Structures are given as structure tokens and as C-alpha cells.
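Here is a short report on one protein model.

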Amino acid sequence: MRQAKQDSKKADGNVKASEDELTCSICLEQVNRGELIRSLPCLHQVANAGITRHYKFDVRNLLIELILIVSINVTRLCRTKSMVTVNGQFPGPPVVAREGDHLLVEVVNHVSSNVTIHWHGVRQLRNGWADGPSYITQCPIQTNSTYVYNFTITGQRGTLLWHAHFQWIRATVYGPLIILPQLNDSYPFPKPWKEVTILLGEWYNTDPEAIINQALQTGAAPNVSDAYTINGLPGPLYNCSAKDTYRLKVMPEKTYLLRVINAALDDDLFFTIANHSFTVVEADANYVKPFETELLLISPGQTTNVLLKTKPIAPSAKFFILARPYSTSLGPIDNTTVAGILEYKTCSHSSKSKRLPVIRPPLPPINATNVAANYSSRLRRLVNAQFPVNVPQKVDKFYFTVGLGTTPCPQNQTCQGPNGTKFAASVNNNSFVFPSKAILQSYYFKKSNGVYATNFPTFPPKPFNYTGTPPNVTFVTQGTKVAVLPFNASVENDPKNYNLVDPVELNTAGVASGGWLAIRFFADNPGVWFMHCHFDVHLSWGLTMAWIVLDGKLPNQQMLPPPSDLPKC
């Protein structure tokens, strides 16, 4: 990604995030945020708040050889493959802005596949045209076509991410979205000495698109990833990967802000650094009440900012940075561990540094639900005069059950799902079918006939013990159905014990098998908004739905008109 046009205003400095500088950082797609990387260099200077920033994304097929500057040629896990990237980078480049900035991001598609870019967690006020989920808010960008994402970041600051939102291209097309406070504002925590972005992702030896396409054809579960990655690097715990290790070099007695992002397709991840603790200060671009922990839990699509205070004197050791999955699934999972290394910068001879022992931290068992629940329960929104809370007090109730099911095998075909069926997933027993035209365009131009229906079930069609034994009948219905909300409705979907004082505000929330969560939000953003599981396999199987929020009566409560370059299906 390059800056296509430099703003004329003078800059006030760069985000310090490069590795060289460190030597001496259920998804609710825009309904409303639910109450509840290799250190990439900054690509432009951060100018005054409220400016317009221009970017150009150039999406290309790239043969990833990953030849390191060492005595031998290597690739990730000894595999070289062609993959879709943004500007030839994996992970993709960072987009850096301030709260209040206006962004223009030109996406040019040079690959044979369609593509969209989703600005995960950005509240696109009245502007679903820039949100990005394919066939929901826009038709995808076709080969040799261009689309400009035009949006303003309003009332948000912290760390988010951008990623592709078409099939499984998100496996390689993703990057950080860093939103700095407005120019005269500061962090509500001690100013860090450096900021570092850490992107957690996955590596597939084969093409992820081919994997999911085969799974949808056969009805079986797709093959899992071959490794997890830290800033695109699998690390030394995998075969043929010791040289492909992310290294975080730090100075003693300094405070670092780590911007940790889970960009994996299908896995919640535990994250830790040996013999070091974190102070959690932000989640999903929302400040939280600080708390200390030695372990993070981050769901796909989630982001967490933490303060890492290094030791006062450089120890005679290095420290593993580890991430591994948390899962209650009975299906296949990539049960491996990715490792990076934290090492202290000293003036000692480099050969001595190489001989230092590497300390490995403990990690919970893969199914440690008690650990996961304990971590999630500690997240509380930072509430003060600058950041007041506004939780809906009276609500319209919706009750959603999400789960895994099946569909019958088509005639004259052998299927590899349970008992010869195909795997499917659903919300209130409806498995979503993506239309061939974008729902937002169809809604705006009042041409919904044949595109979607407005009869999405807002309660489970057949009651059962939702947190107990699931029903024996697993077949789901299928359809392109949406739920319609009047403007400014206040919504929730579970009637149990509430925290109405300081609930955390998230765009993505994890739910364990047999678990539940309560969400409240104001439907004050007109348009079509996508709510789905951020495990892409579940999304592919239909665990998704869409909301239509109707226009309000005032001009500033109504959708903006579509841009002239909106892609066509």
C-alpha cells in the first residue's frame, strides 16, 4: 500500500513501530458495536486530526518465496505457493489514521478472483457502501476493476483490522488498522516508549480457497491450517521453520504498547510471553478498565492493546512468545503452537546472545473454558466524563440460537458429512444463503424481490434446552432472510443477569459451546448490517444473518446515497 496523495498539512511525527527502531505492537459487522505484525513501519506521517488520507491497495497474485538473507534459501514450512496479497505483503500493510480522519482507499483488483475489503469494527455511519462484506453491502470488486472505500472514523480510537470479505481470501489478505487519538488527546494510560503491532494468523500449505471449495462440494469439514503465525512467521516449533521466527527486541525498563490482533480464520487463541505480564487497556478500539494478566484470549477479528513493561535489567535469557488455540469443538482443529521470541537488546557480543536459553511459558489446555470465561469476565469498559456509557435501558428482545447442523445430500452425489449429509450452520435454524446481488443495493433501490426476504425468525422456531443437550434433529432450513428494525430501536438477545454499569463494548464476542451472551445496542445507524460467526468455516456453512435498520425521520438519520463507482454484480 502506498500513499497516493500527501496532505499539505505538516506532520507531527511517525508511529514508531519498526523492528529496527526497537533495537537501541461473533462478529457484529456495523449494526452497532455491541455493549458487553511483524512490527510494520508507519507508511506515512500522522498529520492533524480530521484530514483526508489517500491510500491505494493493489491486490495481486504473488509467488511467496520468503527468501531470508541467510546462507540457505527457505520458505514457510518448506512450501512455496502462490497467494493473494495486498501490495505483495503478507501480512498486509498497516493503515494508520487519527480519530476523525477521512479515508479514501482505492482497491485495484489484479487477481482472477473477486475481492472486497472490510474495515472490521469501523462504525460506518449511514455509509454501508464502505463496509465491505460481499453480497451484503456491496457486489465484489471484479478482476481488473477498482473501487474507492470512502469513510470517516468517528468516535473510535485504538486498534482494529482490515481484511478481505470474500470467501476465504481473508487467510492472506489482512492487516492492521491503527487509529490514534485526536491530535490534542492522549492515551488514558501511561505513554508507551514504543508501539508494536502483533498479527496472529494462519498458514496453509495449499490454497485456502481450494480447501473450502472442496469442503462445500463434499459436505465434509475442511482441512485445518498447517501452522499459526506471528506477523506471517510460523516460528521454531514447526518443522522447517526455525529461521522463520518473529523476534521482538526490547530495551530494559521500558513500557511497550502491544497491538495484538487475531486475524486467524477459525480459531480463538491464547497468547502469552514467558515471565512477563500484560496490562490490558483496550479491546476492539474501546478503552477498558486496566487489569493485569499473564494470558490473553483473542477471538478471530478481535484486537487487544496491552502494556508490556520490560524488566529493569536485561536478563540472561530469551523468552518465548506463544499462541495456541482455545476450542470446545468436536471437529478437527489445528492444535499446534506458534512461537516468537522476545529478546533484550544489550551491548554484549551477539554470539553470547545466541547462546542464551529460551524460557517457555505454560499455556492452558485447548478446552480450558474456565480460563477463557475468567478472562472475558474481567473486561469492563472504561467509563468517565470523556467516555460516558449509554446502555439501553428498555429493549426490544430478540433471541438467537446458533449452532451446527446438516443439510441432505443432493441426489446422485456422495456426501462426507455426518451420516452421509452435508455440514451446515444456522442462526435460529436458518442457514443463510448468499444472494447473487448485494442486499444493500437491493434495499436502497427498493428491488428486493428475488434477492432477500424479511421473515428472519427472531426467536428459535422450536424451543429446546439451549445450554444443554441439543436436539436430535439436525436438519436446517435455508434462505436469504433479514431482520428489520425501526430506526433507534434498542435491542438485546438474552434475558439474563446484566451489567448495565460498565459493559465492555466489542465488535466481536466469543461464545463457547453451550454458552450464551447478552448484547444490547441502539439501532441508530440506517442501512444493511451483517452479523455472522467470524470462524470462516461457520460463515461458509451459513451461520450468519443480516439486519436492515430503517431510516429515521431526520436527514441525518438516513442512509447516504451510493457512490458512483459502486461495483456491479
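This is a predicted model: local features need pLDDT of at least 70, side-chain atom pairs count only at pLDDT 80 or more; totals for chains, interfaces and linings use all residues.

## The sheet

Two strands count as paired if DSSP finds at least two bridges between them.

Strand 14 (residues 255–262) pairs with strand 19 (residues 303–309). The sense is antiparallel, over seven bridges. Tyr256 has Leu308 in strand 19 as its bridge partner.

## Three disulfides

A disulfide is a covalent bond between the sulfur atoms of two cysteines. The count here comes to three disulfides. With bonded cysteines counted along the chain, the pattern is 1-3, 2-6, 4-5.

Cys78 is joined to Cys240, S to S 1.7 Å. The link is right-handed, with 65° about the S-S bond. Cys78 and Cys240 lie 162 residues apart. Cys78 is exposed at 51% relative accessible area, while Cys240 is partly exposed at 37%.

## The other two links

Cys139 and Cys569 have sulfur atoms 1.9 Å apart. Their link is left-handed, with -100° about the S-S bond. Cys139 lies in the loop between strand 7 (117–120) and strand 8 (146–152), and Cys569 in the segment after strand 33 (544–549), so the pair ties together parts 430 residues apart in sequence. Cys139 is buried at 3%; Cys569 is partly exposed at 48%.

Cys409 is joined to Cys415, S to S 2.1 Å. This link is right-handed, with 80° about the S-S bond. Cys409 is partly exposed at 23%, whereas Cys415 is buried at 8%.

Note on methods: Residues are numbered from 1 along each chain as its sequence is written. Side-chain values use heavy atoms; hydrogens and water are left out. Helices (H or I, at least four residues) and strands (E, at least two) are DSSP runs, numbered from the N terminus. A disulfide is a pair of cysteine sulfur atoms within 2.5 Å. Buried means under 20% relative accessible area, exposed over 50%, partly exposed in between (1.4 Å probe, protein chains only).
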